[in-house]
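The stops below go from the whole chain down to a single residue.

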Amino acid sequence: MGGRQLVNRVGLVVAVALLVGALAALLWVALTQLPAFVVGADGQATIAERAMAQVASADWWFSVLAVVGGLGLGVGVWASLRQWGWPVAFVAVGAAAIAAVTCWLVGETLGPTPFAARMAAATAGEAVPVALRLHALSALALWPFSAVAVCLFASALGPEVGERTRRRRQAVEAGASEPVVEEA
C-alpha cells in the first residue's frame with residue numbers, strides 16, 4: 001500500500017469516525033428519556049425518586065452506543081487497513097476516540113439548553129427536564145476498547161497478513177493449475 005493510498009484510507013477512517021460519532025449523538029439524544037423537575041407553587045423544584053434513577057439512563061444509552069459504534073468502527077478499520085499490520089490497532093483506537101468525543105460533545109449540544117436557565121424561567125406546575133450530560137466519563141473508553149478488541153481478535157484468530165498470497169504463490173510455483181485452498 002503506497003503512502004498516498006494509506007493517507008487517503010486513514011482520512012476516510014477519520015471522516016467515518018466523525019460521521020459515526022454524530023449519528024450516535026443523534027441516537028443518544030433520541031433514545032434517552034430525561035427525568036424532569038416539577039416546579040411547585042412555592043417556587044421549589046422537586047423530582048420523584050424514580051425519576052432520579054432515570055438520570056443514569058443517559059450514561060447507559062451512551063455506553064450501549066459506544067460498544068456498538070466501537071465494534072462497527074473496529075470492523076471497518078480492520079477491513080480497510082489490515083494489510084498495514086500492527087499499527088491498525090492504533091488507528092482503530094484513534095478513530096474510536098474521535099467518534100467518542102464527537103458523540104459526547106454533539107449529544108450534549110443537541111440536548112436541552114442549560115438547566116439553570118430553563119429552571120429560572122419555569123413557572124409553577126411546569127416540568128423542567130434535566131440536561132443531557134454524560135456523568136460517567138469512563139464510558140468514553142468503551143469506544144476505543146470495543147474498536148481495538150475487534151482488531152486484536154481478528155489478528156489473533158485470522159491468517160497472518162500475506163499468508164494467503166504466500167500459499168497461492170507456492171502452489172503456482174509447484175505447478176498446480178488451480179491455487180490450493182487449505183482448510184483452517
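Helices here are DSSP runs of H or I with at least four residues, strands are runs of E with at least two, and both are numbered from the N terminus. From one end of the sequence to the other, the order is α-β-β-α-α-α-α-β-α-α. The model is predicted, so local features need pLDDT of at least 70 and side-chain atom pairs count only at pLDDT 80 or more, while totals for chains, interfaces and linings use all residues. Residues are numbered from 1 along each chain as its sequence is written, and side-chain values use heavy atoms, with hydrogens and water left out.

The accessible area of the chain is about 11100 Å², and carbon and sulfur atoms hold 66% of that (Shrake-Rupley method, 1.4 Å probe). Of the 184 residues, 31% are buried, meaning under 20% relative accessible area with a 1.4 Å probe and protein chains only. Among contacts (heavy atoms within 4.5 Å) with a separation of 6 or more, 77% join residues 24 or more positions apart.

Next, select α1, residues 3-31. Its 29 residues reach 41 Å from first C-alpha to last, close to the expected 42 Å; the expected span is 1.5 Å times one less than the number of residues. Show the side chains of L6, V13, A17, A24, A25 and W28, which are among the buried residues of α1. The buried residues of this helix pack against α3, α4 and α6.

Residues making the contact include F62, L73 and W78 of α3, and W143, V150 and A154 of α6.

Then select α4, residues 88-110. Its end C-alpha atoms are 32 Å apart, which agrees with the 33 Å that 23 residues should span at 1.5 Å a residue. The cover over its buried residues includes α1, α3 and α6.

Finish on C103, which sits in α4. Is C103 buried or exposed? C103 counts as buried because its relative accessibility is 0%. Beyond neighbours within four places in sequence, C103 contacts G21, A24, A25, W28, F62 and W143.

Methods
Buried < 20%, exposed > 50% of the residue type's maximum accessible area, 1.4 Å probe, protein only.
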